[in-house]
Amino acid sequence: RTNPLVLGIETSCDETGIGIVRGTTLLSNTIASSMDEHARYGGVVPEVAARAHLEELVPAIRAATAEAGISLAEIDAVAVTCGPGLSGALMVGVGAAKALAISLGTPIYAVNHLVGHVGADLLRTDEDQTDAPLEYPTIALLVSGGHTSLLLVRDLVSDVELLGETIDDAAGEAFDKVARILGLPYPGGPQIDRAALEGDPAAIRFPRGLSQAKDMARHRYDFSFSGLKTSVARWVEQRQDAGDPVPVADVAASFRESVVDILLTKAVAACVDFEVPRLLLGGGVIANARLRQVAAERTDAAGIALRIPPLSLCTDNGAMIAALGAQLIMAGHEPSSLEFGADSTLPV
Ligand code: KG4
Ligand code: ZN
């Protein structure tokens, strides 16, 4: 069927996202974040996130339907993230989605969070229907506090291949940890971005994870950020031990350069290796000013079309989940049986 009205539920991390779409048209995208509650712990606390979803879900559903100007009874299907993500957080969303689908008598689609990030690129607002839609194949680089993944997308609903991912910390997590080392508050990404404004990105040469020839054989498209974080910590400690001031701006700029460089080196390499002239970016780290700049430069130089959805669709949200659900319906996929559970390590 064409242009189904789908409500999407996203609770894989700290954002309670409810989105409503009609086909590829975005009708509403409500997000409630428990970020503030995690700030004093310096990272997302799973139990706190799950509890916040429980409190925020119903108000978010009400807000989303009001903004879309629809009643719940009109909905054709419910889509929900069933993984990967934090178990408890996912379970709250899955439980709510099942209850909603049963009470409304609609089908339900359990979808993968990472594939949802790619689906975000399909969404258009009413005024914006002219923009070229997501084209296949495309390489997708997804970078957030929870994931750092490189995907080869030949078809959103039937052929998504994970080329590589982080073998330790996610890139956003590295930003958060390095911010902490530098005495900057959580979340660290925007803080590092700001501090780096005055810094020299070439001041300190921090390592690029998994870029040596010996690593490239096995981990060509994988990432590693824990060595980088340790290297920054050691550099800062040595300064402090010597009684010298820490040049926060230079450390922030040099660290950010290392992360951005390795992310784009590997993403562009994937485009070249697979002869895919398109790169899609997604995830909260895409807010990074330097990442956007270097992505534009390198894709331009390599003749690769760069796609970056609006930031509200790059960070975790329900609209991208609804968009993926709508694609599944339009491609004739069967709905999920109501027995599915949450899978924190769900593969793509
Ligand atoms: O996608 P997102 O909103 O949600 C989760 O992963 O839960 O991403 C949040 C992550 C955090 O780690 C944050 O530090 C990072 O994205 N982030 C940034 C920037 N803004 C947010 N990282 C680098 N530069 C930024 N400007
Ligand atoms: Zn995400």
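I started with the helices at ligand 1: H5 (171–181) and H6 (188–196) each give at least two residues to the shell around the ligand. A reminder to myself that this is a predicted model.

Next I looked up the rest of that shell. There are 21 residues around ligand 1, and Gly-145, Gly-172, Gly-189, Gly-284 and Asn-288 come nearest. Sorted by class, I get ten polar, six nonpolar and five charged residues. I also checked the domains: domain 1 (5–123 + 313–330) and domain 2 (138–308) each contribute at least three residues to the shell.

Then I turned to H5 itself. How many of the eleven residues of H5 are buried? Nine are, so H5 is largely enclosed by the rest of the structure. The buried stretch I noted runs through Ala-171, Gly-172, Glu-173, Ala-174, Phe-175, Asp-176, Lys-177, Val-178 and Ala-179. For their packing partners I found strands S6 (138–143) and S7 (148–155), along with H6, H8 (226–241) and H9 (248–273).

On the H5 side, Ala-174, Lys-177, Val-178 and Ile-181 make the contact, and H8 answers with Leu-228, Lys-229, Val-232, Ala-233 and Val-236. I sorted the residues of this contact too: seven are nonpolar, two are charged and none is polar.

One last entry, on the backbone: just after H5, Gly-183 has a positive phi of about 75 degrees.

Conventions
Residues numbered from 1 in each chain as written. Chains lettered and ligands numbered in written order. Predicted model: local features only at pLDDT ≥ 70, side-chain atom pairs only at ≥ 80, totals over all residues. Near = placed C-beta within 6 Å. Helix = DSSP H or I, 4+ residues; strand = E, 2+ residues; numbered from the N terminus. Nonpolar A, V, L, I, M, F, W, Y, C, P; charged D, E, K, R; others polar. Domains from an automatic or database assignment. Buried ≥ 20, exposed ≤ 12 C-beta atoms within 10 Å, placed from the backbone. Contact = placed C-beta atoms within 7 Å.
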